[in-house]
Amino acid sequence: MKESKAARVERIKRQKDGLDVLNDIYRYAKADIPVDPEDIDRLKWYGLYTQNKTLQPKYDQTQYFMLRVKIEKGVLNKDQIKTLGEIAVKYARNSADFTTRQDLQFHWIKMADLPDIFEQLQKTGLTTCMAAGDVVRNTVTCPISGRAEEEIADVSDVVDEINTLFCKNREFSNLPRKFKIGVSGCAQHCMPHEIQDLSFVAVKRENGVEFALFAGGGLASNRRFADFLGYVQKDDIVPLTKATVAIFRDFGNREKRNRARLGHLIKEWGVHKFKETLEKNSGVRIKDGKIFEVSPAKMRHHCGIFSSKNSDTSHIGCALFGGKMGGDRLLQLYSLLEKYEINEIRTTTKQNFIILDVPKEAVNRVCEELEKMKINPYPSAFRTRTTACTGLDFCKFAISETKSLAEEIALYLENRFPAFGEPVNISVNGCPNSCAHPCIADIGLSGATFTRGEKKVRGFELLVGGKLEGKSSRFSKRTGILLTHEEIPGFIEKLITSYQKSGFKSFGEYLASESFDIEFAV
């Protein structure tokens, strides 16, 4: 009988733990020999994925890799920025992209170069270990935790504890599938708690600050918003996290990969049984209570110039196109930080970054230099919340290219609507999966192939009306409208023009309304 995908993956993990593939990486690099197909799966435990060969000439048969680097808490100091820039230029053909989990990804990586890359990363305190694979992924959090002028709680210490707990921990290095955690004390609720496997959100309550606990969120095959379980204390977060991951490890579905996320287990058990089991296994009582009111979706970001905890400095939230940074700009950014004696940046879950604690007298000069680097410190409504996945150039699952389209859309709309002040969440996803979160965007573009006339073309299906906003969250609806790359900017222009004539108070509500009619553009 043919081995199923799930059975194959589970057998591979039983035969050799993903953490044990490191020695093989060094062996493959030194001997310059092909990677065992079963080790290809294990390479994910060190952040490695095979790269699509779309951009390779036929004569180049090299197997290139995408390499993901964990950026814990989104924190990058100057030395780390310099190291990442140097790696990008020397080994990754200048590629370097920020991700929706506050990480950074390189492309064009050769197996033979990995020992040098790992050594350079290690020297500056960075790692790729457990950046991918069936493990606990990088814990997302508010990028300005501990440095915000206004925040409900500083959770930096808790995030550190969680990252330390799971780092190279063989007790949790073989989960049924990936596991995503978020912890935030942000007053703007920038961390998307609704779609994490497990998340904790600081809330001001009558007895002081408590943390709202959510579980079972996810996209793709586990498309559901997380269940609200109640409130806990800050000291409860780590034991609850450990107990939840253990429950998932022991009871998660290992027979079907598309039914192997925590949300599937909660759906099977029911919220009551899951909560009861979690309380028993963790020794923590989860208090019942009314769910809190989350910040409006359009406010859940940190872009532009805003005040820091230090009255003499400001933070500058910079927007990129689909996280596309590049090695040259990382090195330019390092030089800029050196020049103005700025210590660090923070990456965000919207593929952007924030320069922390810029002296107020230098803010305008720093912004001028950023603009020369084609980094926008005054992001428009069309850059602030636009995301894009890896796309056709590098991802073997992608149907369509994404990052250049994200840039084209934003620039086109900025030109057509220079005074549009409502941040629009646009997601460009190169395949029907959800890496760029198209199913929770105002406008989601999901990679698709279709026929135009007698010709098969690559393009996107249009999704509209998604939103992350606590109990008001909604998934976008599929329109069935199929668009080519070239048609999309003009089509969105027509949507916005139609909205401006509609009388609706927000673009998102217009797109989600029953009266929304897109026949004008079909």
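In this predicted model, the side chains of Glu210 and Lys287 are joined by a polar contact of 2.6 Å. A second polar contact, of 2.4 Å, links the side chain of Glu210 to that of Arg205. Glu210 belongs to strand E8 and is buried, its relative accessible area being 1%. Apart from neighbours within four places in sequence, the residues in contact with Glu210 are Val201, Ala202, Val203, Arg205, Tyr231, Val232, Gln233 and Lys287.

Four strands form an open sheet in the order E6-E7-E8-E9, and their pairing is mixed. The edges are taken by strand E6 (181-184) and strand E9 (227-232); each has a single partner strand, so one side of each lacks a neighbour in the sheet. On average, and with direction ignored, neighbouring strands of the sheet are turned by 25° against each other.

E6 and E7 are parallel and share 4 bridges, and Gly182 has Ser199 in E7 as its bridge partner. Ser199 also stands opposite Phe214 in E8. Strand E7 (residues 198-205) pairs with strand E8 (residues 208-215) in the antiparallel sense, over 8 bridges, and the two are connected by a hairpin through 2 residues. Leu198 stands opposite Ala215 in E8. E8 in turn runs antiparallel to E9, with 5 bridges between them; here Phe211 faces Val232 in E9 as its opposite residue. Val232 is also one of the residues in contact with Glu210.

E8 is mostly covered, with 6 of its 8 residues buried. Helix H9 (residues 271-282) lies across E8 and E9 and runs at about 30° to E9.

E6 itself takes part in covering a helix. In helix H6 (residues 156-166), the buried residues are Ser156, Val158, Val159, Ile162, Asn163, Leu165 and Phe166. An α-helix has 3.6 residues a turn, so residues three or four places apart point the same way. The cover over the buried residues of H6 includes E6 and helix H7 (237-251). After H6 comes Lys168, which has a positive phi, near 55°.

These elements are part of a chain whose secondary structure comes to 14 helices and 18 strands. Its radius of gyration is 22 Å, close to the 24 Å that the globule rule gives for 522 residues, so the chain is as compact as a globular protein of that length. The C-alpha trace spans about 65 × 60 × 55 Å along its principal axes. Of the 522 residues, 62% count as buried. Among contacts between residues at least 6 apart in sequence, 67% join residues at least 24 apart. The accessible surface of the chain comes to about 22,100 Å², and carbon and sulfur atoms account for 47% of that surface.

Definitions and conventions:
Residues are numbered from 1 along each chain as its sequence is written. This is a predicted model: local features need pLDDT of at least 70, side-chain atom pairs count only at pLDDT 80 or more; totals for chains, interfaces and linings use all residues. Side-chain values use heavy atoms; hydrogens and water are left out. Two strands pair if DSSP finds at least two bridges between them. Axes are lines fitted to C-alpha atoms, for helices over the stretch in contact, and angles run from 0 to 180 degrees between N-to-C directions. Contact means heavy atoms within 4.5 Å. Buried means under 20% relative accessible area, exposed over 50%, partly exposed in between (1.4 Å probe, protein chains only). A polar contact is a pair of N or O atoms within 3.5 Å; within protein, one must be able to donate a hydrogen and the other to accept it, and residues adjacent in sequence count only if both atoms are side-chain atoms. The radius of gyration is taken over C-alpha atoms; the globule rule is 2.2 Å times the number of residues to the power 0.38. Accessible areas come from the Shrake-Rupley method with a 1.4 Å probe; for residues, only the protein chains shown count as cover.
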